[in-house]
Amino acid sequence: MVDVNEQIDGAVAQATKDFALVAEQSSREALVRARNCHLGKEAPLRLMQRTLGSLAPDERKATGSAIQAGLKVIEAQYAQVEAAVEAVELAGQLARETVDVTTDVTLHPRGALHPITALINRMCDVFVAMGWQIAEGPEAEAEWLNFDALNFTPDHPARFLSDTLFLDPPEAHRILRTHTSPVQARTLLTHDLPVYVVAPGKVYRADEYDATHLPVFHQIEGLAVDKGLGMADLKGTLDHLAKAMFGDEVVTRLRPHYFPFTEPSAEVDLRCFVCHGASVGDPAHPCRTCKSEGWIEWGGCGVVNPRVLQAAGIDTEVYSGFAFGMGVDRTVMFRNNASDLRDFVEGDIRFSRQLRGVAR
Amino acid sequence: MRAPYSWLTDFARLDESMDPVKLAGALTEAGLQVEKIDSPAQAISGLVVVGRVMEFVEEPQKNGKIIRWCQVDVGEHNPEGESSRGIICGAHNFQPGDLVAVALPGAVLPGDFAIASRKTYGHISDGMICAEDELGLGTDHAGIIVFPPDVEVTPGEDALAALGARDVTYEIDVTPDEGYCLSVRGLAREAAQITGGEFSDPYAAPVPATSDAGYPVVLDTEDCPLFVGVRVSGIDPDRPTPPWMVRRLKDVGMRSISLAVDITNYVMMESGQPLHAYDASALSGAIRVRHAHAGETLTTLDHNARVLSDEDVLITDDSGPIGLAGVMGGLTTELTATTTDVLLEAAWFDPVAIGRTYRRHHLPSEASRRFERGVDRGVAFAAGMRAAELLRDLAGGEISQAVTVAGAVVPMPTRVFTDPTLPSRILGVEVSLARVESILRASGVVVEAGPEGGLRLTPPTWRPDLVDDYDFVEEIGRKIGFSAITPRVPVAPIGRGYTREQMCRRSVLDAVATAGFVEVITLPFLGVAELDRLGLDPADERRATVRLANPLSETQPELRTTLLPGLFAAVNRNTSRSLDDLALFECGSVFLNHGHGDQVMPEVSHRPTDAEVQQLFSALPDQPRHLAGVLTGQWRPSDGSHPGETVSWTHGVYLAQTVAETLGLDLARRQGTRQPWHPGRCAELGVINLGQFVTVGWAGQVHPSVAAVWELPEPTIAVELDLDRLIALAPANGTITALSSHPATKQDVALVVDGSVAAAEVQSALRDGAGELLESIALFDIFTGDQIGVGKKSLAYNLVFRAFDRTLTEAEATSARDAAVAEATRRCGAVMRA
């Protein structure tokens with residue numbers, strides 16, 4: 001019996017020794033060899049099992065258990081060494097599969113929305129969040145809706161061929177809209193009151209084509225007509241939009257102005273982003289951005305002239321409203337420091353790509 | 001309007017703290033935007049003082065020039081113990097005793113021109129005698145500045161102040177409703193009112209009663225209700241315009257011409273009333289103001305013979321027309337170098353009439369601009385008299401006591417302002433009735449009690465803009481200042497967000513951009529030549545363009561009917577900048593001429609009729625929104641692991657599919673024929689609606705000839721879709737069907753068909769034949785070759801079958817596949833490939 005146990009212990013010890021060697025070599029062949037040697041058919045403990053039949057029953061049982069225990073130890077040790085060898089193998093395989101992750105992986109370059117489209121989306125979101133609706137109208141428009149309905153007199157200079165693009169013949173009173181304001185007139189003629197709408201879109205002027213002027217550009221127009229609206233509501237709405245566009249630090253100002261379709265009228269200015277007003281009255285430190293005025297003109301606005309409401313058949317004793325409009329292109333210039341308006345319409349793919357099509 | 005601070009403060013006594021920069025800010029905040037502040041002295045540092053040239057020695061130089069070595073007395077700035085400074089001067093336009101401007105060492109003139117004591121021409125020159133341009137006061141460099149003898153200055157005092165260069169001149173953007181601010185007097189009134197200063201009107205004298213005591217004047221048109229004539233005789237035509245007047249005219253942007261003309265301009269700038277001076281000796285008989293007869297002619301001051309319209313208002317005498325009223329005088333009665341007897345005209349003309357006349361004759365002027373904006377109706381007499389007094393004082397003339405007043409001042413309309421709370425409500429600031437009254441009174445409005453607690457408001461003669469209730473509200477708002485308004489965000493009714501169309505459009509643009517296309521915006525103008533270059537047939541509907549009456553460019557007088565020309569031009573622009581791999585898209589309106597009926601111009605005093613509204617909306621070109629894309633170069637660039645992929649017709653279809661799928665539509669295709677596409681590589685795109693193929697666009701490779709004339713890379717891919725039509729066809733919600741949890745059974749089938757049979761036909765037959773069990777079908781191989789016969793092609797499809805309630809057996813799938821093939825055989829002559 002002593003002899004048998006010594007034999008078993010010896011076999012286990014030999015297996016432990018051999019497995020340690022295999023682990024050291026990390027070799028699949030050695031692993032297979034060691035397995036055959038210690039757990040295979042010819043393994044010492046297997047050979048001993050085959051002799052069990054010749055033992056007396058009580059001795060057979062004890063010896064059998066001892067052999068089983070020895071095999072279990074060896075199997076456990078084998079499992080460990082096998083896992084170790086596989087881990088090393090896998091590491092080797094992964095190392096061989098290494099790629100240079102810094103190479104170009106462009107399947108197809110990303111596209112992008114035009115910054116104007118992206119910003120119009122953003123502006124509309126701001127108003128939709130306030131419960132407003134988005135109104136639209138055509139670019140080739142009735143002269144009446146673009147001018148007369150908005151209290152432009154028949155002799156107003158804006159109607160001249162030098163300012164407005166007319167469809168041929170001009171006597172047919174069709175034009176390319178000079179502002180998004182005819183959408184105001186359309187809205188008032190077709191919507192039930194109250195209305196709170198913004199209208200983004202393309203507008204046209206018989207204007208130069210240079211770094212700061214385009215004959216085709218984009219505006220966003222706002223119109224609210226309800227009971228009891230006035231300048232305070234206009235101011236609050238514009239402040240809200242300005243903060244959404246330029247951040248909470250932005251400072252706005254309403255400066256009295258003249259437009260036929262609003263009365264009182266104002267221009268909305270933004271505190272200069274560059275000098276913050278410090279250049280005013282300081283010729284030693286002029287500011288090119290605001291021409292040392294301290295403010296940058298953003299858009300026009302005012303209380304809707306009751307004559308505009310009358311032309312749409314609205315009772316001006318009950319309803320009043322406010323309207324505003326600003327250049328989207330200009331807003332992009334301020335937000336993104338764009339310097340040349342021509343880039344907006346020349347189609348160079350680098351222009352739209354720069355912002356990745358997002359108005360953050 | 002340009003206005004010097006010193007001139008404004010002649011009439012407006014301002015608080016001492018109101019320096020020029022502060023006043024500019026106050027004017028701007030009241031709606032008189034100061035766009036520029038000119039102040040020549042601000043560009044100069046150090047001392048520039050008045051000096052008296054005591055004596056000089058002329059010293060000829062080797063280069064032929066003669067310089068003067070001058071001794072100049074600069075008063076307290078003379079070197080200690082000396083009575084003058086030695087200064088070298090190259091100019092010769094002065095004499096001993098003359099007063100000049102001397103920049104002392106340490107001064108820095110405009111352009112960083114530092115003055116120092118320096119050795120030159122063998123002397124120490126201890127300063128510089130200045131010319132106009134060196135001080136930034138003008139462009140004159142013919143000689144140095146010499147103060148006229150009648151100017152009272154003494155050596156040593158500030159020369160810049162003496163020259164008026166310390167003054168500040170504003171450039172003010174006067175809005176069209178504020179014609180009265182096209183005058184120093186009007187601006188001074190505003191400046192005083194908004195800063196709490198005091199204003200005294202030098203032109204307060206009212207127009208006297210009608211009188212024909214003076215030169216006879218007859219008014220024959222309603223466009224001239226008032227004509228004041230003042231005669232000044234015995235003026236000395238040789239008197240020069242005094243420097244202060246020249247300077248002020250220059251400050252406001254006018255050239256000095258002659259004393260009498262300068263006086264009329266000066267008074268116009270000051271009062272806002274344009275004046276005209278006739279040589280009284282050249283007048284014959286009574287002056288008559290009337291409309292021109294069509295075709296009548298007048299030679300104006302600029303020596304142009306002008307053919308007149310019967311809308312033009314004329315000043316005439318017995319000789320015929322002598323002036324285009326309010327616009328330009330006639331040549332025959334012009335003041336000359338010998339004129340001694342002057343008739344001054346101060347009249348009021350109708351703004352619309354003058355506006356039309358000056359535009360008709362292309363004669364904008366300071367006078368016509370003022371008449372168009374509306375001149376003070378009551379200032380004619382005071383302005384005429386002021387000019388007459390200046391002629392008397394400066395030119396030695398004698399004012400005739402007999403002044404003509406033809407016609408009378410047109411009275412200002414009185415407004416009954418029924419609701420004194422309107423200003424508070426519209427401005428959003430509490431404005432008491434007392435404050436309303438005091439502000440309006442300060443603005444010159446006559447305020448009286450009206451019916452039912454309201455007010456009767458009569459604006460002053462210089463405020464024709466105050467008509468409606470809201471005009472008075474604005475006046476109050478301007479005077480309170482919009483900064484006093486507390487912002488408030490109005491609460492809109494609960495909204496429904498974007499409309500379905502708006503949401504669809506936005507999703508489509510996002511999807512197309514995400515799919516790899518870069519959005520561009522191009523100008524929507526084009527020329528017929530561009531349509532020719534697209535190869536369009538004469539009958540092509542895209543030739544039904546809308547034309548502009550006044551195009552920006554003669555070569556592009558039409559509006560686009562297709563987005564492709566703009567995109568092709570964008571491709572050209574990119575390739576010229578070495579950007580060759582392009583996937584561009586644009587979404588925008590095209591303009592289709594469909595005849596579009598007559599527009600209407602209804603009255604604006606009330607709502608147009610429903611029929612008129614309908615006409616306003618419909619008598620316009622069709623303007624559907626299109627979405628188009630163009631691709632060139634590589635879709636996928638080659639890199640270390642991939643050879644790259646050149647654009648092909650498939651990428652055009654890919655864009656269209658992206659749009660359709662975003663809208664929940666299946667894009668159908670058939671072989672198309674349309675310019676500018678390659679006849680064999682053009683897909684007509686459509687949506688099957690109620691069993692019909694509804695065309696929504698085309699995609700494919702651009703015809704090589706078109707690509708060549710547009711200088712586009714080969715191949716160029718183009719796609720154009722009618723986005724509005726697609727959106728209209730898009731299903732509203734879509735249905736979510738329950739999902740089968742059973743595995744699918746796949747079957748492949750290869751069919752041989754005639755080469756001309758469209759794959760889509762075969763696929764559609766297979767789909768119809770397979771029945772409900774077919775879940776999806778995909779073409780995975782196209783093969784042509786001898787094995788299957790000449791003119792034939794083999795199409796290999798992968799069919800996926802699945803049932804909702806069970807796992808299909810192989811036999812069920814095979815039977816469905818056989819049915820599919822049978823249908824393809826029936827419809828397309830397809831034969832299962834062996």
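**Close-up views of a predicted two-chain model**

**View 1. The residue that follows helix α15 of chain B.** In this predicted model, α15(B) is followed by S578(B), a residue whose phi angle is positive, near 65°. The helix itself covers residues 564-576 of chain B, which makes 13 residues, and from its first C-alpha to its last it reaches 18 Å, close to the 18 Å expected at 1.5 Å a residue.

**View 2. The buried residues of α15(B) and what covers them.** The buried residues in α15(B) are L564(B), P565(B), G566(B), L567(B), F568(B), A570(B), V571(B) and N574(B).

View 3. Strand β22, residues 313-317 of chain B, is mostly covered, with five of its five residues buried. In a regular strand the side chains alternate between the two faces of the sheet. In β22(B), V313(B), I315(B) and D317(B) point one way, while L314(B) and T316(B) point the other way, and all are buried.

**View 4. The strands that pair with β22(B).** Strand β19 (residues 287-291) of chain B is joined to β22(B) by four bridges, and these two strands run antiparallel; within this pairing, V313(B) of β22(B) is the bridge partner of H291(B). Four bridges also join β22(B) to strand β23 (residues 320-324) of chain B, again in an antiparallel arrangement, and here L314(B) stands opposite L324(B) of β23(B).

**View 5. The contact between chain A and chain B.** Chain A brings 90 residues to this contact, and chain B likewise brings 90 residues. On the side of chain A that touches chain B, helix α8 (residues 231-246) of chain A gives the most, with eight residues.

View 6. The domain assignment divides chain A into domain 1, residues 2-96, and domain 2, residues 115-354. Taken over C-alpha atoms, the centres of domain 1 and domain 2 of chain A are separated by 87 Å.

Terms used. Residues are numbered from 1 along each chain as its sequence is written. Chains are lettered from A and ligands numbered from 1 in the order in which they are written. This is a predicted model: local features need pLDDT of at least 70, side-chain atom pairs count only at pLDDT 80 or more; totals for chains, interfaces and linings use all residues. Two residues are in contact if their C-beta atoms, placed from the backbone, lie within 7 Å. The expected span of a helix is 1.5 Å times one less than its number of residues. A residue is buried if 20 or more other C-beta atoms lie within 10 Å of its own, exposed if 12 or fewer, and partly exposed in between; C-beta atoms are placed from the backbone. Domain bounds come from an automatic or database domain assignment. Two strands pair if DSSP finds at least two bridges between them.
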